[in-house]
Amino acid sequence: MAKSNKQYEPYTYYFTVGLLSAFFGVALWLLFSLRLLNFYPRQAHANLMFFGFLWSFVAGFLMTAIPKMTGAIKAQKWEILLGLVFLFAQWIFNFENFVKLSAWLYLGQLLFLLTFVVRRFVEKKKMPFEGFVFMPFAFMMGLVGLLLYIYDNSRTNVMYTLAGQAFVLNLICGVGSRLIPVLSRLPSALNPDIP
């Protein structure tokens with residue numbers, strides 16, 4: 001039997017783990033209702049959804065798309081593995097109700113992803129398109145939200161608003177400005193000024 005040399009893109013791993021994170025985030029409520037969980041899972045659920053589910057899809061997309069858009073090196077095996085270790089640790093921390101540790105870990109996840117992106121831009125010094133100016137704002141929002149929470153853990157809503165919603169919204173504004181026209185497959189979608 002011939003050995004396959006097919007290398008999978010990061011999204012294939014991260015999207016799968018993201019779906020599992022969503023499943024586990026919902027499973028917390030089932031376990032709680034069956035009295036198999038001895039803590040109220042509100043924050044653990046939110047952490048699994050933001051730090052596991054959403055981050056998996058963001059990381060999978062960016063780690064696949066950024067190298068292609070910039071012409072930089074693909075995600076290395078160790079980078080893919082490290083990101084997956086972060087996600088598996090999120091599962092453990094949240095099932096053990098270590099919500100503060102989960103936030104610290106998410107800080108590491110954001111810094112890991114930011115480093116991944118910056119390394120590719122520094123290597124090629126190429127801005128794929130204008131919408132990428134939203135990326136620094138996305139990471140800035142995520143980091144500010146987490147740092148505010150780590151400083152004062154009563155700021156849970158601020159953390160989820162900035163580190164979750166604002167982070168993803170800025171990425172959607174930036175990357176979506178390019179992705180949506182590509183997905184639409186309309187003629188001249190990427191160059192609307194050219195007839």
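Helix 5 of this predicted model buries Met135, Ala138, Phe139, Gly142, Leu143, Gly145, Leu146, Tyr149 and Ile150. These residues span an arc of only 160 degrees around the axis, so they sit on the same side of helix 5. Pro136 and Tyr151 are exposed on the other side. Helix 5 holds 18 residues. From first C-alpha to last, helix 5 reaches 26 Å, close to the 26 Å expected at 1.5 Å a residue.

The largest nonpolar core has 49 residues. Trp55, Leu62, Met63, Leu146 and Phe167 touch the most other members. Leu146 is also among the buried residues of helix 5. The elements below each give two or more residues to this core.

| Element | Residue range |
|---|---|
| Helix 1 | 10-33 |
| Helix 2 | 42-70 |
| Helix 3 | 77-95 |
| Helix 4 | 99-124 |
| Helix 5 | 134-151 |
| Helix 6 | 156-184 |

Leu62 shows the packing in detail. Leaving aside residues up to four places away in sequence, Leu62 touches Pro67, Leu113, Phe116, Met135, Phe139, Leu171 and Val175.

The protein has six helices and zero strands. Along the sequence the pattern reads α-α-α-α-α-α. Among contacts with a separation of 6 or more, 75% join residues 24 or more positions apart. Of the 195 residues, 44% count as buried. The accessible surface comes to about 11200 Å², and carbon and sulfur atoms hold 68% of that area.

Notes:
Residues are numbered from 1 along each chain as its sequence is written. This is a predicted model: local features need pLDDT of at least 70, side-chain atom pairs count only at pLDDT 80 or more; totals for chains, interfaces and linings use all residues. Side-chain values use heavy atoms; hydrogens and water are left out. A nonpolar core is a set of buried Ala, Val, Leu, Ile, Met, Phe, Trp, Tyr and Cys residues joined through side-chain atoms within 4.5 Å. Buried means under 20% relative accessible area, exposed over 50%, partly exposed in between (1.4 Å probe, protein chains only). Helices (H or I, at least four residues) and strands (E, at least two) are DSSP runs, numbered from the N terminus. Contact means heavy atoms within 4.5 Å. The expected span of a helix is 1.5 Å times one less than its number of residues. The arc is that of the directions from the helix axis to the C-beta atoms. Accessible areas come from the Shrake-Rupley method with a 1.4 Å probe; for residues, only the protein chains shown count as cover.
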